[in-house]
Amino acid sequence: MKELNNHIKNKSFAQAYLFFGEEPYLTSHWRRSLVSAVLAEDARDMNMEVFDGKIPAAAIMDAAETLPFLAEHRLVVVTGSGLFATGRSEDATALADFIKDIPDSTIMLFVEAEVDKRGRLYKRIAEHGLAMEAKTPREADLADWAVKFCGARGKKMARSTAMHLLRTVSGDMQLLYNEMEKLVAHAGVDAEITAAHVDTLCTKSLEAKIFDLMKAICDRDAARSFALYGNLIALKESPLMVLSMIARQFRYSLQCAALAPNMNQKDIASKLALHPFAVQEFVATGRNFPQKAMIDALEACLETDYAIKSGGIGDVLGVEVLIMRCCTDFGA
């Protein structure tokens, strides 16, 4: 990001860019920033060509060879082309050769979800331009981003509130951005956005709702567990989906409990490909349920799944019975 910022600040652009990766919010942000820096809005109709999907390489190269009109640069944007994955090797090779001879006035930008870094086109852009991978930031970085985002809009947000927001909304940056815009807009004259604002205004992710349900189960609070489950059913969530999420919680909790004696939570998160805050929740489940109890609960999840799918019990009632068993029978 620092290198792209330098290009934008100094108006010293590479002739080929590739933005790719798992976090579409970042690739979209980088794209908007580059487009705004290269071309004024009133110059884009004449000097920017946008291709979406599996466009032939010849069409892309024709657009790139066109000279700009009353502007310093011509910008060619290609999104979702598949040129950086397997299956389009001929077109990718043609573009890789072409990039060495792009007209000085042309800037090419590729935006892709998946990229094979072994490919010739990727290597050519990495060598002659700038390739940037958008990875989902760490939880700590997302929290810092939320605090700075609110601060830039004249609102305060404690880091603890930012962490609460992450666990309420999930770590998806676009969802976080939308919810932070909502919080800032509704904060009014309040100088600080608090956890209470988050709870009142933000839409909880399904994972957060399941964590709430699991916390109630771990607390052996059957009444609250049934209330939370009832809310999920009222929202038209599938009982089988809730069952699968409960099983997932116990499965990951069992794995975390097995790894915890020899690994810290950050390393566990990396090994299991989980967000650190999720690991904290799974570890908390392990404190309330001994490993034998978690195994029993997982077996009960399998029994419930079979009973529902074989017609032995209704799906809503089947999960209710499972919740009651988790609250009363396993390791209490």
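**A helix and its surroundings**

Modeller: Let's start with helix 17, which covers residues 315–328: its 14 residues reach 20 Å from the first C-alpha to the last, close to the 20 Å expected at 1.5 Å a residue. The expected span is 1.5 Å times one less than the number of residues. Helices (H or I, at least four residues) and strands (E, at least two) are DSSP runs numbered from the N terminus.

Please keep in mind that this is a predicted model, in which local features need pLDDT of at least 70 and side-chain atom pairs count only at pLDDT 80 or more, while totals for chains, interfaces and linings use all residues. Residues are numbered from 1 along each chain as its sequence is written, and side-chain values use heavy atoms, with hydrogens and water left out.

Which residues of helix 17 are buried? They are G318, V319, L322, I323, C326 and C327; buried means under 20% relative accessible area, exposed over 50% and partly exposed in between, with a 1.4 Å probe and protein chains only. An α-helix has 3.6 residues a turn, so residues three or four places apart point the same way. The buried residues of helix 17 pack against helix 11 (206–218), helix 12 (222–234), helix 13 (239–259) and helix 16 (291–309), where contact means heavy atoms within 4.5 Å.

Between helix 12 and helix 13 there is a loop that holds K236. This lysine has a positive phi of about 70 degrees although it is not a glycine, and K236 is exposed, at 75% relative accessible area. Most residues other than glycine have a negative phi. L70, in the loop between helix 4 (57–65) and strand 3, also has a positive phi, of about 55 degrees. L70 counts as exposed because its relative accessibility is 77%.

Strand 3 itself contains R74, which counts as buried because its relative accessibility is 6%. The side chains of R74 and E49 are joined by a polar contact of 3.1 Å, meaning N or O atoms within 3.5 Å; within protein, one must be able to donate a hydrogen and the other to accept it, and residues adjacent in sequence count only if both atoms are side-chain atoms. Leaving out residues up to four places away in sequence, R74 also touches M46, A63 and I107, among others.
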